[in-house]
There are 2 protein chains.
Amino acid sequence: MIASPFIRKLEHFALLSTEDRRRIEALIGRATFLAPHEHFVRPGDDPRSVHILLDGWACRYKTLPDGRRQIVSLFLPGDMCDPYVFLLDAVDYAIGALTPCTVAKVPARSIRELTADRPHIAEALWWQTLVELDLQREKIVSLGRRNAKERIAHLFCEVLARLAAVGWSNGTDCDWPLTQADLADITGLSTVHVNRSLQEMRNDGLIELHNRHLVVRDHGGLRETAMFDTIHLHGLAAETPRTPTTEPG
Amino acid sequence: MIASPFIRKLEHFALLSTEDRRRIEALIGRATFLAPHEHFVRPGDDPRSVHILLDGWACRYKTLPDGRRQIVSLFLPGDMCDPYVFLLDAVDYAIGALTPCTVAKVPARSIRELTADRPHIAEALWWQTLVELDLQREKIVSLGRRNAKERIAHLFCEVLARLAAVGWSNGTDCDWPLTQADLADITGLSTVHVNRSLQEMRNDGLIELHNRHLVVRDHGGLRETAMFDTIHLHGLAAETPRTPTTEPG
DNA sequence: CGATAGGTTGAGTCGCATCAACCGGGGTGG
DNA sequence: CCACCCCGGTTGATGCGACTCAACCTATCG
């Protein structure tokens, strides 16, 4: 049960048999609980294990020598952080909790055994890795060529699609536990500017965002300002509702 | 022979036997030649094959609906573009030649057979994929939190390290076929600003860049302004010379 | 009830974009 | 052989988007 968001996500990528599912459940032994700002990976760590985020939001980030911080990945419930890191020697980023998190720590050996036995699962994990490559590319485009509102809009679209894929959102609203400072570190902006951009987006009638809850008021408008394209999610967005969008103009 | 830069790169990741090398050579049938601005992958393509760049520079890029363009990956001689794309359904980016290129097109099936027979090679390809993930993350940090000079400096460091890994540079100078417009599309800047930033970097005594040739004048200074860290290259930089840097100040 | 975290607002500044013109070199065609 | 063009690089003027600094407001919590 507890592994369900993770399994649900994998099933977007591969057909899993009952046995597959059983083996995945078995991966998850004791779960650990983390408070916001606690870490489960630190730069320099030798990756002898892999983490599955069962509940809560987390992020991977890098910090420059002078303190500037950039979040490079956002982890949502059901995400496995770096399925294959153990192929590498060391890691140059940190992964920390943004909200209270439930995390399962899986030894690299278990992953190796599982993927050796169960090619379907191996393929699903690789698929997931390829999707992450594509998510990152889209982030590069955002940071390189989109302005503040576009970046934020794009993030909203991405997160809603990803949450919908594991049944945590209907595609139009969701819990939004991130602070404006988190948002700034994701979008490469300052908190002040995030604040003002959000206000504009509210005034434009695109979204509502109060009390840690996000509601999309104008799907068409949001996607349009984000220039959001689901192709790069590669099936992750399969369950995203095809919303009858209200085209402006 | 013709596969050598590719093999050389793989050997950073895994020990290859003579048989391994033979099999890789055999992958490469006829090579195609491309002029700058010609494409070997287009958005929407169903990836039934994989490309190995034997000579020249190429890039993966995305174009926004309104024409803004962002280069998301730079391919150098010896790079395999997307070793495992064929796991996916379609592709949402373009790959095009920046200089005249020699490219080998390898059918997905050959890759599948090769990796099934030769686990060493499979692992080397996956390693390469993980390194690319890390390169992309570093790019996200650049675009999100580094300013113009820092971004350009970081790119120079990265490219020199990658070229050195396949024997195309000694780590302090190399051919630099990119135009300032290309540089702008990589760094998310305008060409005008790239131009002015380069001038400052020349004045700062960091680099020389004339006639499509790049020379690093001050290694320490360049790395410092780039805040460049080789960890994220994971062994790709193994052959990078440990240069006795001239620390300023 | 003070302390703290998160959000909001205003003023001033700067990095970078945009627009536009110009320069130099290499290739091309008459 | 020269006139021309085009591409890549350079320069200047101007404007805007986003940053910084700093204050203040509100809700939550021990």
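In α6(A), the buried residues are A:D182, A:L183, A:A184, A:D185, A:I186 and A:T187. Buried means under 20% relative accessible area, exposed means over 50%, and partly exposed is in between, with a 1.4 Å probe and protein chains only. Helices here are DSSP runs of H or I with at least four residues, strands are runs of E with at least two, and both are numbered from the N terminus.

Before I go on, some housekeeping. This is a predicted model, where local features need pLDDT of at least 70 and side-chain atom pairs count only at pLDDT 80 or more, while totals for chains, interfaces and linings use all residues. Residues are numbered from 1 along each chain as its sequence is written, chains are lettered from A and ligands numbered from 1 in the order in which they are written, and side-chain values use heavy atoms, with hydrogens and water left out.

Back to the helix. Why is α6(A) described as largely enclosed by the rest of the structure? Because 6 of its 8 residues are buried. What do those buried residues pack against? In chain A, they pack against β5, α4, α5 (148-165) and α7; in chain B, against α4 (119-145). Contact here means heavy atoms within 4.5 Å. Just after α6(A) comes A:G188, with a positive phi of about 70 degrees.

Now the interface between the chains. Chain A puts 47 residues into the contact, and chain B puts in 47 residues. The size of an interface is often given as the accessible area lost when the parts come together. Here the area buried between chain A and chain B is about 4300 Å², and carbon and sulfur atoms give 65% of it. Buried area is the accessible area, with a 1.4 Å probe, that two parts lose on being put together, summed over both. Which residues of chain A lose the most area to chain B? They are A:R137, A:I140 and A:R145, together 19% of what that side buries.

Next, charges. How many salt bridges does the rule find across the interface of chain A and chain B? It finds 10. A salt bridge is a side-chain nitrogen of Lys or Arg within 4 Å of a carboxyl oxygen of Asp or Glu. One of them joins A:E150 to B:R68, with the closest N and O atoms 3.0 Å apart. There are also 14 residue pairs in polar contact between chain A and chain B, both residues at pLDDT 80 or more. A polar contact is a pair of N or O atoms within 3.5 Å; within protein, one must be able to donate a hydrogen and the other to accept it, and residues adjacent in sequence count only if both atoms are side-chain atoms.

Which elements build the chain A side? β4 (58-63), β5 (69-75), α4 (119-145) and α6 (180-187) of chain A each supply at least two residues. The largest share, 17 residues, comes from α4(A). By class, the side of chain A that touches chain B has 20 nonpolar, 8 polar and 19 charged residues. Ala, Val, Leu, Ile, Met, Phe, Trp, Tyr, Cys and Pro count as nonpolar, Asp, Glu, Lys and Arg as charged, and the others, Gly among them, as polar.

Of the atoms of DNA strand C within 4 Å of the protein, sugar and phosphate account for 63%. A:Q180 has a backbone N or O atom 2.7 Å from a phosphate oxygen of DNA strand C. The largest share of the surface near DNA strand C, 5 residues, comes from α7(A).

Now strand D. Here A:S190, B:Q180, B:N195, B:Q199 and B:R212 come nearest, out of 16 residues around it. Sugar and phosphate give 68% of the atoms of DNA strand D within 4 Å of the protein. A polar side-chain atom of A:S190 sits 2.8 Å from a phosphate oxygen of DNA strand D. What does B:R196 approach in DNA strand D? A base nitrogen, 3.1 Å from a polar side-chain atom of B:R196. For DNA strand D, α7(B) gives the largest share of the nearby surface, 5 residues.

Note on methods
Near = heavy atom within 4 Å.
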